[in-house]
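This report covers the salt bridges of one protein model. The structure comes first, then the pairs.

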Amino acid sequence: MGQKINPLGFRLGTTQSHHSLWFAQPKKYSEGLEEDKKIRDCIKNYVQKNIRISSGMEGIARIEIQKRIDLIQIIIYMGFPKLLIEDKPRRVEELQMNVQKELNCVNRKLNIAITRISNPYGNPNILAEFIAGQLKNRVSFRKAMKKAIELTEQAHTKGIQVQIAGRIDGKEIARVEWIREGRVPLQTIEAKIDYCSYTVRTIYGVLGIKIWIFLDEE
């Protein structure tokens with residue numbers, strides 16, 4: 001009946017776990033949520049300003065946050081961590097200072113760790129950034145989608161679906177284009193599916209990119 005649901009939220013507790021782990025009383029819950037958003041935005045802004053691969057990718061797959069009473073542990077999963085670790089102690093310390101300043105946390109310790117993911121192009125966030133970079137450089141959307149699928153095949157995934165919506169190629173009317181390779185069983189809760197939605201600003205307007213990657217079955 002066209003009732004769309006986020007594939008990650010749909011699988012929470014089976015094949016998918018939370019990206020933020022902490023507990024708060026109902027009255028304080030919204031504060032914790034805002035804090036998480038600040039942390040993620042601050043890290044992404046820092047990476048955007050200081051690191052640039054030639055294709056304009058940041059390479060952040062996901063940011064996990066674990067909070068205790070006296071400690072905030074942040075794990076950044078990156079596809080290309082060399083960029084942030086080249087002069088490691090200085091970069092990570094600077095990032096830590098930035099986040100601490102943003103949060104204004106006096107009585108809590110902040111710890112940032114960087115983890116490398118083995119197949120960067122098997123991650124939808126990094127793939128969406130790649131497609132966004134191609135679209136900004138006015139590469140044809142079909143070419144960008146096909147190239148993304150080729151990159152994913154090298155990462156040995158079982159299936160991928162890519163969808164782009166908006167004023168594609170600067171046409172006057174918005175439309176949705178999609179392409180699928182392999183199997184993407186969205187209704188199967190046991191199927192481990194990674195998903196992301198990403199917005200890209202082009203000279204014609206905003207385009208939305210959605211990517212579903214079928215990794216394996218439990």
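## Salt bridges overall

The structure holds eight salt bridges. A salt bridge here is a side-chain nitrogen of Lys or Arg within 4 Å of a carboxyl oxygen of Asp or Glu. The model is predicted: local features need pLDDT of at least 70, side-chain atom pairs count only at pLDDT 80 or more, and totals for chains, interfaces and linings use all residues. Residues are numbered from 1 along each chain as its sequence is written, and side-chain values use heavy atoms, with hydrogens and water left out.

R108 pairs with E35; their closest N and O atoms are 2.6 Å apart. The pair links distant parts of the chain, 73 residues apart. R108 sits in the loop between α4 (88–103) and β4 (109–116), and E35 in helix α2 (residues 29–50). Helices (H or I, at least four residues) and strands (E, at least two) are DSSP runs, numbered from the N terminus.

Both residues are buried. Buried means under 20% relative accessible area, exposed over 50%, and partly exposed in between (1.4 Å probe, protein chains only). A network of salt bridges links E35, D36, K67 and R108.

## A pair within helix α2

D41 bridges to K37, with 2.9 Å between the closest N and O atoms. The two are four residues apart in helix α2, so about one helical turn separates them. D41 is partly exposed at 33% relative accessible area. K37 is exposed at 54%.

## R167 and E172

R167 and E172 form a salt bridge at 3.7 Å, N to O. R167 is partly exposed, at 29%. E172 is exposed, at 72%.
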